[in-house]
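Biologist: Before I rely on any label in this fold, I would like to hear the rule behind it. Could you take me through the terms one at a time?

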Amino acid sequence: MTKKHNFHDSGYKKFFSNPEMICQLLTYFVDEGWTADIDYSSLQRIDKSFVTDEFANRESDLVYKAYFKGKEVYIFLLLEFQSTVDRFMALRMLRYITELYEYLIKSYRIKMLPAVFPVMLYNGEKRWTVPEELNKLIEKSIPEKYIPDFRYYKIAENEFNKDFLRKIKNSVSALFYAENSSGDELTKEFKILTGLLKAERPQELSLFVKWFKYMFSDRDDVVEEVKGLEEAKTMLRSSIKEMSKKLINEGMEKGIQKGLQAGKLETAAALLNKKMP
């Protein structure tokens, strides 16, 4: 599949600017038990004004703040679209995080630095084979206790097979499935792709469709079919709302009729008590 970096940058940023997509990414594609205890309802995207121009110009990278067991944590999501694998990614990631720390120290005069979970999402075609730990990139010519100990978490889309992705029915799994397929494969496996999205709410589905249109802008046939799924969901949601309104109105009418009937019975009882016909 030919990668369209300019499309990916803006498309991925919009997709993962939705906290629900971050929740799906960390819940289903990060093999770390502790991430289940993140309060995903508290996710808040952070402006990148604290970083250098080099980082600020990377449209796709995102920083979130959330609560983990009552304490603030930061989630740094670096989206890597380069065709070449960066051997010194650990150093790059650490530099971005130290810039965040410098900003927090100057702006809030904190005494303790908050924890940062660094995640790299890679969508290249080559295997990601470089070390995720910084100390593996440094000569051990001095005692190891003086060697910086840092690592990032790698999510490489090309490492997930399609059988695994079929079991996870959400927008992120559908995105990875589409990325790991050619346009011709998607045409043949369209029902599988839409099957991954059937349980999604219209808002998340709409985000996927927008990303999909960026990625497959040259395949109108596939885009139109995915858009059709979005429109069907929207129509279903509208139908459910209309049905709910109808049931509520019918319930109100029945309630009014019951009230009127009860009032008539009370009046008749009062007349009988007064020996009136």
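Modeller: Two strands pair if DSSP finds at least two bridges between them, and helices (H or I, at least four residues) and strands (E, at least two) are DSSP runs numbered from the N terminus. In β5, K154 is the bridge partner of M120. This is a predicted model, in which local features need pLDDT of at least 70 and side-chain atom pairs count only at pLDDT 80 or more, while totals for chains, interfaces and linings use all residues. Residues are numbered from 1 along each chain as its sequence is written, and side-chain values use heavy atoms, with hydrogens and water left out.

Biologist: How do you know that β4 and β5 pair, and in which sense?

Modeller: Strand β4 (residues 115–122) and β5 share 4 bridges in the parallel sense, and the rule asks for at least two. They belong to an open sheet of 5 strands in the order β1-β2-β3-β4-β5, with mixed pairing.

Biologist: What makes β1 and β5 the edge strands?

Modeller: Each of them, β1 (38–46) and β5 (153–156), pairs on one side only.

Biologist: Why is Y12 called buried?

Modeller: Buried means under 20% relative accessible area, exposed over 50% and partly exposed in between, with a 1.4 Å probe and protein chains only. Y12 has 0% relative accessibility, so Y12 counts as buried; F81, at 8%, counts as buried too.

Biologist: Why is the pair of F29 and F164 edge-to-face?

Modeller: Their ring centres are 6.1 Å apart and their planes stand at 75°, so this pair is edge-to-face. F29 in helix α2 and F164 in helix α5 (residues 162–167) are 135 residues apart. At 4% relative accessibility F29 counts as buried, whereas F164, at 32%, counts as partly exposed.

Biologist: How do you know that the charged end of K162 sits over the ring of Y177?

Modeller: The rule requires NZ of Lys or CZ of Arg within 6 Å of the ring centre and within 35 degrees of the ring normal. The charged end of K162 sits over the ring of Y177 at 4.9 Å from its centre.

Technical notes
Phe/Tyr/Trp six-rings, centres within 6.5 Å; stacked < 30°, edge-to-face > 60°.
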